[in-house]
Amino acid sequence: MAGLIFLSAIVFLPALGALILLFFPASAETAIRRMTLGVTLVVFLMTLRLVFPGDGPAGETLLERSIHDVRFVAGEPGYQHALAVPWIRSFNIEYFLGIDGISLPLVLLTSFLSLLAAAASWSVTKHVKAYSVLFLLLETGMLGVFLALDFFLFYVFWEVMLLPMYFLIGIWGGPRKEYAAIKFFLFTLVGSVLMLIALLMLYFASDVRKLPEQARRESLLSSEMIVKSLAPGEKPLHTFNLVALAKLGQMPDSPFNEPAWLGKSIAWWAFLLLLVGFLIKVPSVPVHTWLPDAHVEAPTPISMILAGVLLKMGGYGIIRICYPVCPQGAYELAWFVCGLGVVSMVYGALAAMAQQDFKRLVAYSSVSHMGYVVLGLGAWSLVPGIWDTQYWKMGMNGAMFQMIAHGISSAGMFFMVGVLYDRVHHRDLDQFGGIFGKMPAYTALAIVIFFAALGLPGLCGFIGEVLVIFAAFSYSRVLAIIGASVVILTAGYILWTVRRVYLGAEYRGPHADALTPLSVREFAVGATLAVAAVIFGVFPQTVFRYMAPSVNRTVDEMAQWMKAVSINVVDSSEEPAEKSRREPTEVLGNLSGKVLEAGSQQ
Amino acid sequence: MNELLELITRIEQNLAVSVRLWIPEICLVVTAIALLLQRMVFPSWRRGASFIMFVGSVAALAVLFWQTAAQSAPASPVGAFLDVLRLDRLAAFFRGLILLFAILFSVLTWLTHWPRIEDRGEFYVLFLGSVIGMSTMVAAENLLLVFLGMEMASLPSYILAGFEKRERRAGEAAMKFAVFGAAMAGVMLYGLSLLGGSLGSLNLPTMGANLAALASNQEFHGHGLSLIVGTLMVLAGIGFKLSAVPFHFWLPDVFEGAAAEVGAFLSVISKAAALGLLTRLCLTLLGAEQASAAGLPGPLIPFVVGTLSLLAAVTCTYGNLAAYGQGNFKRLLGYSTIAHAGYLMMPVAAAVAALPVSRETARWAVASMLFYLVVYMFMNIVAFAGAAFLSRGAPGEKIENYSGLVRAAPGFVICLTLTLFSLVGLPPLGGFAGKFAIFASLASAQLWALLVVAALNTVFSLFYYVRVVKVMVLDPAVQPPSFSLPLSSPQGMFLVLATTPVVLLGILWQPVFDLVCRAAGCQ
């Protein structure tokens with residue numbers, strides 16, 4: 001209970017702050033800005049509290065325990081502080097929050113970037129009160145997505161951030177803000193609607209009663225649901241509990257293996273619908289077109305949040321929901337996922353190279369970098385008969401690390417672009433040059449961050465990319481080689497950008513005299529990001545320590561599922577292992593047919 | 001002789017029970033008479049009409065609430081007035097919803113100062129007549145009462161649509177409405193007589209039992225044509241009340257021409273009553289208890305499911321797409337109500353589809369429709385109240401004139417924005433919870449194609465609702481706005497009061513969902 005209270009406080013503190021802000025007079029702009037910064041700072045400290053050891057003994061009362069007893073134990077693969085309480089009983093919806101090694105780094109990234117974005121929001125001068133309220137509501141939505149373990153709750157938080165984002169782009173954005181805002185809204189809503197259909201498919205196919213006793217307890221269902229599941233009755237007990245859904249999905253005779261349409265199973269369709277929904281957010285080619293517009297038109301702090309946090313929700317959804325809940329679909333569509341990842345990498349890099357607008361270039365670099373995430377998640381290197389999960393673990397860990405690294409570097413790049421734009425009011429790459437001479441400190445920070453994005457060893461971008469490429473190599477050499485050569489393209493556009501913007505003899509563009517050195521506040525934001533990029537590049541262990549056990553557990557569970565599924569087939573049909581290795585898809589098809597036969601005989 | 005005496009005693013007893021259960025509607029009749037007398041007795045009491053109307057509908061709702069609460073748990077449904085009305089929990093829910101709307105409606109007309117004081121008494125009397133007709137519709141268990149209720153609900157609404165006498169558009173709209181309504185009433189009556197004739201009764205449960213018997217005796221094909229034609233004609237009549245495509249032609253003109261208050265009336269309870277009738281017809285005729293034993297009236301169920309699904313899908317899509325080009329806010333809301341009629345018909349299709357498989361699933365589908373109706377009522381009250389305030393003020397009805405409204409009336413715009421996004425169906429607003437419940441009913445009845453259509457329609461609907469929000473919030477003000485509506489004013493408080501449920505129903509919807517579950521008879 002203590003953990004649930006603490007996590008709820010993290011999620012809803014920004015919303016509470018927004019509510020209090022409503023009572024501020026609109027003219028007290030400085031007070032409103034400080035209040036926003038203060039709220040994001042408190043949230044950041046609270047999330048940090050999770051990783052730092054507590055001082056003093058655990059308290060007696062619930063309140064004391066929710067302050068002292070909330071440490072996240074590193075190396076523990078399972079969910080921590082996870083507790084479900086009933087919310088909407090009619091649909092077995094639970095208010096279920098929890099944290100594990102996959103969500104913890106993303107929660108920290110969110111609160112960290114929100115703090116920096118709030119600090120960068122001093123550049124916003126129009127309707128400060130409304131801006132701050134929406135900004136804080138957005139933070140609640142983002143934190144909720146990463147902490148929710150009930151699919152319905154996840155969906156609600158996922159959508160909650162839509163409205164604030166629409167207004168933040170639409171009111172405070174650049175010249176084409178309205179177009180960009182509605183495009184963002186529309187794309188995301190299409191994705192959510194697909195997710196909603198998949199959510200209902202899985203819900204009505206699920207049945208907690210089919211889970212073995214042990215798995216039921218491990219699913220952290222609310223006590224009420226456990227009681228319901230033990231009560232005699234034939235009616236299936238549906239659930240939105242993501243842990244239980246994953247356990248159901250990984251059962252050899254999973255209810256999600258029932259055929260749906262066109263000979264494909266529920267798991268296959270649900271995976272596809274969810275995947276498309278999440279890939280829109282990632283974004284991956286060909287559903288990425290909202291991103292350049294939204295990023296370019298959004299104000300600087302919002303671009304930082306968009307690139308730093310919102311894109312990660314897509315990757316998080318894939319690793320948290322798509323793969324564990326629908327392993328069968330994931331297995332059959334692995335080539336599709338990896339292919340899209342590689343196409344995004346190449347396309348994003350080439351498109352970035354062709355850009356004239358500085359911010360658009362950074363936006364396309366996000367498409368390219370998030371391609372690594374998709375490739376890393378999709379690189380299914382389990383082969384029946386070998387059972388070596390090592391490469392896949394590497395890929396998933398790499399993808400997760402890449403998300404954190406990209407969160408730092410892309411937010412940093414957008415901030416750096418914003419600093420320049422605030423001064424000279426243009427973003428035309430050809431009109432820059434010679435910034436180094438005018439703003440040396442700024443240029444130094446910018447170059448660190450751009451090199452981090454490039455994937456220079458020693459900076460955060462390198463680790464994720466290299467792990468992903470290693471993993472992909474064992475899945476498909478062609479994809480890995482193409483993926484690896486994208487690094488050259490990336491180096492191409494980033495070095496070219498650095499040369500065009502920062503180097504050169506002299507700045508010849510408009511507003512040359514406005515190029516003043518960084519303010520203390522700007523320096524603090526930029527330096528923090530640059531330091532983070534170095535720390536994560538030199539000590540990736542700081543992240544892996546928390547992340548790897550959970551990621552590895554996810555992979556191991558999938559491997560177990562795979563083993564159970566394939567061994568069954570090999571035993572019953574007495575085929576040599578080589579055959580099943582060659583045609584695993586066929587094997588799975590046979591299996592689901594057998595499961596069905598068995599079911600109908602009963 | 002003895003038998004006759006017994007019959008008379010039975011009638012007496014039944015009458016006593018029936019009248020007691022019909023007290024809420026009798027309250028409304030008394031209110032209507034009081035409204036007519038008030039102008040003669042107290043001509044100087046200017047707020048009198050609104051006050052009497054308010055008190056009368058509150059009293060009716062209170063009586064209904066008390067009666068329903070006092071009813072023992074699994075309500076023994078009473079066949080009131082010798083089995084022509086079935087006053088069960090479902091009927092009680094619809095009657096309660098209609099009465100709740102009547103209360104809100106009286107407050108709204110009070111606040112918008114429309115219609116003029118001199119006309120208000122007559123206006124309310126007509127409104128009450130329609131309300132009593134709707135109460136009859138949702139409880140009717142006899143084809144005669146079905147038709148009587150329909151007509152009683154419809155006739156006053158033709159006059160209400162044209163109540164703005166000086167407005168030419170209103171007169172034209174009322175005329176269109178009346179002519180189209182009369183034609184559809186004829187079609188409906190013909191359909192009812194075909195159904196009654198082929199099933200040998202006017203009493204719905206008896207008709208259901210006869211239908212089941214026909215199906216089990218394989219005598220179905222002899223009556224097949226008349227049953228199918230009859231069903232189609234009845235659906236056309238109900239479709240007209242629901243403004244389902246292709247019976248919607250009257251609606252955009254009426255909504256543009258008539259006052260926004262009348263728009264709220266037509267869009268909420270008029271549709272609620274039609275849905276109540278549709279649900280009862282479908283479930284009683286096709287879901288007779290004997291049917292499950294004798295094998296259900298097979299071919300008719302897929303036919304009704306198919307027709308309803310097609311009607312719902314086309315209505316929803318048409319409403320959403322046709323709303324794109326609208327420049328008039330009231331007309332846009334009119335198309336929005338067409339689309340919502342589509343959403344509301346979907347769970348009925350799901351309920352019928354689930355009948356042969358599981359009655360419980362069918363009841364859940366009905367419950368999800370009831371839940372959406374509750375949310376829909378509050379959303380439309382806010383939207384049409386907003387339209388009423390705007391159209392009587394400086395901004396008028398043209399959406400383009402609303403630009404920059406957020407600067408002039410921020411609280412008002414926030415309420416309206418929340419409601420419009422709730423109409424799209426975004427969490428954490430009530431519209432999402434309602435849509436989720438409906439989508440869940442479609443999924444549980446395995447109507448996947450309809451679910452996909454409904455889900456896509458959510459995306460279609462985004463544009464035109466957001467366009468209104470965009471104009472109000474994002475666009476710069478063209479002229480210095482002369483419209484103000486602080487939330488502390490009575491009008492503002494009414495808006496806040498009606499917006500609160502829209503938000504709350506998206507977060508804490510369990511209590512209301514329990515209520516609708518009980519009304520629909522779920523376990």
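**Helix packing and a chain contact**

Let's start with helix 21 (residues 460-475) of chain A, which packs against helix 23 (residues 520-538) of chain A at an angle of about 40°, axes 6 Å apart. Axes are lines fitted to C-alpha atoms, for helices over the stretch in contact, and angles run from 0 to 180 degrees between N-to-C directions. That angle makes the pair oblique, because angles under 35 degrees count as roughly parallel, over 145 as roughly antiparallel, 65 to 115 as roughly perpendicular, and the rest as oblique.

A word on the source. This is a predicted model: local features need pLDDT of at least 70, side-chain atom pairs count only at pLDDT 80 or more, and totals for chains, interfaces and linings use all residues. Residues are numbered from 1 along each chain as its sequence is written, with chains lettered from A and ligands numbered from 1 in the order in which they are written.

Who makes the helix contact (C-beta atoms, placed from the backbone, within 7 Å)? Helix 21 of chain A brings Cys460(A), Phe462(A) and Ile463(A); helix 23 of chain A brings Ala533(A), Phe536(A) and Gly537(A). Helices here are DSSP runs, H or I, of at least four residues, numbered from the N terminus.

Next, Ser566(A), in helix 24 (residues 541-573) of chain A. Buried or exposed? Buried, because Ser566(A) has 23 C-beta neighbours inside 10 Å; the cut-off is 20 or more for buried, 12 or fewer for exposed, partly exposed in between. Pro252(A) is 314 residues away in sequence, yet 9.4 Å away C-alpha to C-alpha.

Last, the chains. Chain A puts 24 residues into the contact and chain B 23 residues. Helix 8 of chain A gives the most on the chain A side, twelve residues.

Terms used. Two residues are in contact if their C-beta atoms, placed from the backbone, lie within 7 Å. Helices (H or I, at least four residues) and strands (E, at least two) are DSSP runs, numbered from the N terminus.
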